[in-house]
Amino acid sequence: MKKIEAIIRKTKFEEVKEALLSADIEWFSYYDVRGIGKARQGRIYRGVVYDTSSIERILISIVVRDKNVEKTVLAILQSAQSGEIGDGRIFIIPIEDAIRIRTGERGDIALYNAELEK
């Protein structure tokens, strides 16, 4: 199992969400986050441009079985990419175990409903 964390532009969230759903990734968490990077966003307030030191992004967090890692990464890459600085990053992190609280199932089976795959 792997945890995939992707930091993407807020404007690309809907596209990424649809791409993940199309790749059969039906559950993920997302958070509004701020970070510091090379790209700077200027804010305009009453005609004055203010430079901000933090950049607003979305952090998507998904835990998938090993067989779904590549299609998940490709879905994010293809939908989040604009070709400009500030498109974001994808991190792939190993997961030791997963436990479904309701049933106590452990491992890959805790990530999906086996009844739906029959």
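Me: Which residues does T72 touch, not counting residues up to four places away in sequence?
Reply: This is a predicted model, where local features need pLDDT of at least 70, side-chain atom pairs count only at pLDDT 80 or more, and totals for chains, interfaces and linings use all residues. Residues are numbered from 1 along each chain as its sequence is written, and side-chain values use heavy atoms, leaving out hydrogens and water. Contact means heavy atoms within 4.5 Å. On that basis T72 touches I4, L20, I25, I62 and V64.

Me: Is T72 buried or exposed?
Reply: Buried means under 20% relative accessible area, exposed over 50%, partly exposed in between (1.4 Å probe, protein chains only). T72 has 0% relative accessibility, so T72 counts as buried.

Me: Where is A80 found?
Reply: Helices are DSSP runs (H or I, at least four residues), and strands are too (E, at least two), numbered from the N terminus. A80 counts as buried because its relative accessibility is 8%. The helix that holds A80 is α2.

Me: How many Å apart in space are A80 and F13, C-alpha to C-alpha?
Reply: In sequence, A80 and F13 are 67 residues apart. In space, their C-alpha to C-alpha distance is 7.6 Å.
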